[in-house]
Amino acid sequence: MKKCLLVTALLLSACSQVPSERSAETKTAIAPAQETPVTQPEEVVVANSTTAEAMATDFEHIFVDADMTFSGTLPCADCPGIAYHINLFRDGRFEARQEYLERNQVSIVKGIWLLEKRSLHLVNQQQTLPAFHFLSNSQLAMLDLNGKPISANPQYQLQREAEFKKLDTRQAMLGLYMLSNNQATFTSCRSGDTLSVANTQHHLPVMRQYQQDERFTGNAVIATLVGRRGQDEQANTLFIDKFEQFWPGAICPDHIQPGKMQGIVWRAEKLTNRYVPQQLNVRVIFDQNERLYGFAGCNNFNGNYKQRSNQLTVQPLVSTRKFCADSSDLEQQFTQSLQSADRVEVNGDKLQLFKNNQLILQFKPAVN
């Protein structure tokens, strides 16, 4: 039995012996592969620059790194809406056009803009403009009275234009026009600024009319027109786009005396209980010589009146006879009401005409 165990042990020992070279090869073959070291990328450092600083790395902030134009119509308490055109310049300036629809009232406002995170403030010392919130770099939402963006209502939002657009600076104006040695000036009743008038094709008829009227020679006369100020080096120049008319004997509304009716260009505000569309420019002036004249929305008119205390009598009017589809009906009602008035009152800045103690016409001083 012992001999059998010894033989078996020797046989097993012989089977397990392998040449040294073979053993080395086998060990090499079955050894696990060593991991290849991963090369770490070099850290890229971006040099500090204007471009790097303008990149929006904090989504709580918006960067105005290009000139932008935003536009849209926002709600208005007593008109169909206010059309806005706002230009933001990357140097910190802004310019805005506000047009009150159906009121023929346009404001051109310039100043600086300030950004507080996403809140945009348009700063001008004379006028207050709404503040906005950047919902994105292409959308502005107006802030409410609590400084919160009105983001749920698209009626309170302005959209960015695909391209920057220049501002339309034309607006209706009322002011003092004066011509001397073929050089004209215009002093705005609203701002008080005196501008030189450019001698363009739209200015030539104005010059001729002024020169042909002996009452105007050497005098400043109230005029109404549509015009625009020049840009940059021409900022003190007025370019007339459309001349309306002269108002001899009129004064700027800032100089109104309490209770005074004569000498003011009055714009029709209400006809009975109906608001008169402001774009029709229905206006009238009562002069010191018991004459009145004006524009009824389509035609010019003139006539005589008599005032004794608060009693008013308007004689039959004479007018031109053009037909305007959008204003002829209202014009007829206006002239009939004007001729039927029997009493007049000036209450604050309102001129009110009555018939049988019923208010039939209400005016306010024209500022353009």
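In which helix is the place of Thr 335?

Thr 335 has its place in helix α5. The model discussed here is predicted. With a relative accessibility of 18%, Thr 335 counts as buried, because the cut-off for that class is under 20% relative accessible area.

Two kinds of neighbour can be described for this residue. A polar atom of the Thr 335 side chain lies 3.1 Å from the backbone oxygen of Gln 332. When residues up to four places away in sequence are not counted, Thr 335 touches Ala 296 and Leu 317.

## Disulfides: overall pattern

With the bonded cysteines counted along the chain, the disulfides follow the pattern 1-2, 3-4, 5-6. The three links are treated below in the order of the chain.

## Cys 76 and Cys 79

The sulfur atoms of Cys 76 and Cys 79 are 2.3 Å apart, and the two residues form a disulfide. That separation falls within the 2.5 Å cut-off applied to cysteine sulfur pairs. The torsion about the S-S bond of Cys 76 and Cys 79 is about 120°, so this disulfide is right-handed.

Both partners are classed by their relative accessibility. Cys 76, at 17%, counts as buried, and Cys 79, at 13%, counts as buried too.

## Cys 189 and Cys 252

Cys 189 is joined to Cys 252 by a disulfide with an S to S distance of 2.0 Å. The link of Cys 189 and Cys 252 is left-handed, with -75° about the S-S bond. Cys 189 lies in the loop between β10 (183–188) and β11 (194–197), while Cys 252 lies in the loop between β13 (237–247) and β14 (266–271); the pair therefore ties together parts that are 63 residues apart in sequence.

Cys 189 counts as buried, at 6% relative accessibility. Cys 252 is buried as well, with a relative accessible area of 9%.

## Cys 298 and Cys 324

A further disulfide joins Cys 298 to Cys 324, with S to S at 2.0 Å. A value of 75° about the S-S bond makes the link of Cys 298 and Cys 324 right-handed. Cys 298 is placed in the loop between β17 (291–295) and β18 (300–308), and Cys 324 in the loop between β20 (318–319) and α5 (328–340), so the pair ties together parts that are 26 residues apart in sequence. The helix at the end of the Cys 324 loop, α5, is the one in which Thr 335 has its place.

Cys 324, by contrast, is partly exposed, with a relative accessible area of 21%; the boundary for buried residues is under 20%.

## Aromatic rings

The count of aromatic pairs comes to 12. Ring pairs link Tyr 177, Tyr 210, Phe 216, Phe 243 and Phe 246 into a cluster. The distance of the centres and the angle of the planes are used to describe a pair of aromatic rings.

Charged ends also sit over rings. The charged end of Arg 93 sits over the ring of Phe 89, at 4.3 Å from the ring centre. For Arg 343, the charged end sits over the ring of Phe 354, at 4.1 Å from the ring centre.

Conventions
Residues numbered from 1 in each chain as written. Predicted model: local features only at pLDDT ≥ 70, side-chain atom pairs only at ≥ 80, totals over all residues. Heavy atoms only, no water. Buried < 20%, exposed > 50% of the residue type's maximum accessible area, 1.4 Å probe, protein only. Helix = DSSP H or I, 4+ residues; strand = E, 2+ residues; numbered from the N terminus. Polar contact = N/O pair within 3.5 Å; in protein donor to acceptor, adjacent residues only side chain to side chain. Contact = heavy atoms within 4.5 Å. Phe/Tyr/Trp six-rings, centres within 6.5 Å; stacked < 30°, edge-to-face > 60°. Lys NZ or Arg CZ within 6 Å of the ring centre and 35° of its normal.
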